[in-house]
Protein chains: 2
Amino acid sequence: MRAAVSSTSRSRRRGVRGGRSVAAWTARPELPESPAVWDHPLPQAAAQDRLHFAAFDLVTSSRAELRELLREWSRAAAEMTAGELVGSANSVQPAPPDDTGETVGLLPSRLSVTFGFGPSLFGRRGLGLRRRRPAALAAIPPLPGDELGDRESGGDLCVQACSDDPQVAFHAVRNLARIGRGAVVMRWSQLGFGRTSTTSRHQDTPRNLMGFKDGSANIRAEDAEAMRRFVWVGSGGSPAWMRGGTYMVTRRIRMLLEVWDRSPLADQEATIGRDKYEGAPLGGAKESDRLDLEAERDGEPVIPADAHVRLASASLNGGERILRRGYSFTDGVDESLGQLEAGLFFICFQRDPRRQFVPIQRRLGAGDALNEYIKHVGSAVFAIPPGAHKDGYVGETLLG
Amino acid sequence: MRAAVSSTSRSRRRGVRGGRSVAAWTARPELPESPAVWDHPLPQAAAQDRLHFAAFDLVTSSRAELRELLREWSRAAAEMTAGELVGSANSVQPAPPDDTGETVGLLPSRLSVTFGFGPSLFGRRGLGLRRRRPAALAAIPPLPGDELGDRESGGDLCVQACSDDPQVAFHAVRNLARIGRGAVVMRWSQLGFGRTSTTSRHQDTPRNLMGFKDGSANIRAEDAEAMRRFVWVGSGGSPAWMRGGTYMVTRRIRMLLEVWDRSPLADQEATIGRDKYEGAPLGGAKESDRLDLEAERDGEPVIPADAHVRLASASLNGGERILRRGYSFTDGVDESLGQLEAGLFFICFQRDPRRQFVPIQRRLGAGDALNEYIKHVGSAVFAIPPGAHKDGYVGETLLG
């Protein structure tokens, strides 16, 4: 099997003529019933600092072309994550270089590249995939408070590139888009400048643009039991081709920062349910303190009934959790207001969005005190297939 | 005098209640005839990795309000570059925090904050500045090949924040915009994800999104003679209030990457006039080799007549040079084409754009082989006043 999509060669600078690295290949036994031994580079990697995400629409109706696209994408991802240039023809004077070149001399900086399939892919004519869509890969239904834009939502395929160097992440999306010419067109994309989640015990909790620590109660990759229970697709529920995979939901969440910034500190903290600087649950002292949803003071709950952390907590959601892995973004100026457009590009991973993201967000969308300060403007869901075998490609379990 | 705007306190993490640092203050003698001893944090700092730039329009006609804005901006910039929170009221429960908080726990990462005045500022009613506009601060005239958008050009004031951490740069622009509410509205902004220039002998030359090293022949800050001759305003030409300052030109340059990526390597190299990987001038072997504009092979110039490096060279421009300090950007997807919108946010500094940027770009816009692959879509020019005295503010030489 190969870790087709995670960088294992951090110390090498890319050269132009360097031979293809084999460091990115691993040889683990295939145990599809035990998802933990598959290579799932993204959710289990400590979140990198920068993101470039792109959603594509398919413009071919040939299954063979789709298969070839995924083969080429997998090969290019393996090269890029190993710190190699894409392709072999990069010094041939009469030909366009295979690689666009802007990462020559850069380290891969923990680059990971992840591919996903949207529900609309399975409805495309000619692919023969109509009956293979997992039930869990249902379009996200309308949710309370949604203000979604068509151009910022959906997509037949997605590519997520994460790296500590934004030029490396950009390069990955650009070169995959280039390889995809004729088979896909880019539908939307998102640059994330700072991570807003911690996915490893070795990482500090970062702050989102509201100035609060985000993801204090997130699933950590080291928690194998939680990863198995909430993130990786096992033997039940999803079709066999998804075993060892997961489902990703993305939500583009605009923050009404001007409004937020005018709120008193006490209101901000009551809205979130944590104190701003330490990140401790209200009534607690440390970030790692347990949420005490029963605590009262003067007959009122210490963590308000509509506080974000209460409504998002596992105990209010039938024990369900998700792995969050989002990024802060800014997209220039809202011309009508003369204010920065910025927010959170929310990304989460789970075994079944119908049982995890959707009910959690339904509850939040209906009652979260935070809704006064945010707008959900984009939404998408993708099936993330399992990692590939050494001579295979990501997606082969579906496309054969 | 104070280095109001350069980070000198790299090793400190921001705390919430930490006392104001005095490390950012220096005490150099004031020698306005000798610009090198002024504090000019931006052009002389080794270019940081990330940029957040914003242009503002003034919405007050009160000179006192403009003065107060610049005073507050200078104070906040001094705090942020020293690794402190903005303001003092950040833990007062009934009040909105002065600082938005997303950099708590982060290092300033060499943050610099620079303020500039656009030509339109001097024409605003009520400010009494009409006769104080430097002749060198003329609006950039229409240039060959311009395809400028109104919303991406101009501005009465600008704020440029550079840092190795994009969240720190974003935070600076956001907090200054917040301080400016009621006096300014944001007109446009630009996030730059990777530097495309080297401004110090200690930096490698980075690559732009065409995959070429950019800025090999740039002025380096260590070259005091070139900085004095080409960058800092001295005693002649500009009004006294600009002595020790400089002029900044910004150009938003979209790259037609799809077209570029289909060009053979030989064409790419002939277009630029350097080889792609080493960055050596054509006919040379090393990046640092001198441009030999006379060299011929088979009766043809080795560096083509329309090569970018030839037309941009000092020898073709009456000996004039500029200090480049630009960043790569991407702004999502061009919906009509399904392609990445990306390019170079070009920034340069000089003593007089009328003698430096404008004629250089006129020559390039008319004849540069690179024009086939780029479009200039945004343009602005700003006077960057000199650094401030300890108890003063940036802009005091103009506003008193």
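Two strands pair if DSSP finds at least two bridges between them. Helices (H or I, at least four residues) and strands (E, at least two) are themselves DSSP runs, numbered from the N terminus. The model is predicted: local features need pLDDT of at least 70, side-chain atom pairs count only at pLDDT 80 or more, and totals for chains, interfaces and linings use all residues. Residues are numbered from 1 along each chain as its sequence is written, while chains are lettered from A and ligands numbered from 1 in the order in which they are written.

**Exercise 1. Find the partners of strand E3(A).**

Step 1. Start with E2(A): E2(A) and E3(A) are antiparallel, with six bridges. Here Val113(A) stands opposite Ala161(A) of E3(A).

Step 2. Now take strand E1 (residues 50–58) of chain A, which pairs with E3(A) over seven bridges, again in the antiparallel sense. Look for Leu51(A): its bridge partner in E3(A) is Cys162(A).

**Exercise 2. Decide how enclosed strand E3 of chain A is.**

Step 1. Apply the cut-offs: a residue is buried if 20 or more other C-beta atoms lie within 10 Å of its own, exposed if 12 or fewer, and partly exposed in between, with C-beta atoms placed from the backbone.

Step 2. Check each face. On one side, Leu157(A), Val159(A), Ala161(A) and Ser163(A) are buried, and on the other so are Cys158(A), Gln160(A) and Cys162(A).

Step 3. Conclude: seven of the seven residues in 157–163 are buried, so E3 of chain A is largely enclosed by the rest of the structure.

**Exercise 3. Work out how chains A and B are related.**

Step 1. Superpose the copies by least squares on the C-alpha atoms of residues with pLDDT of at least 70 in both. A 180° rotation with 0.0 Å of shift along its axis brings chain A onto chain B, with RMSD 0.0 Å. The two copies are therefore related as by a two-fold rotation axis.

Step 2. Locate the axis: Asp331(A) comes closest to it among the residues of chain A, at 3.7 Å (C-alpha).
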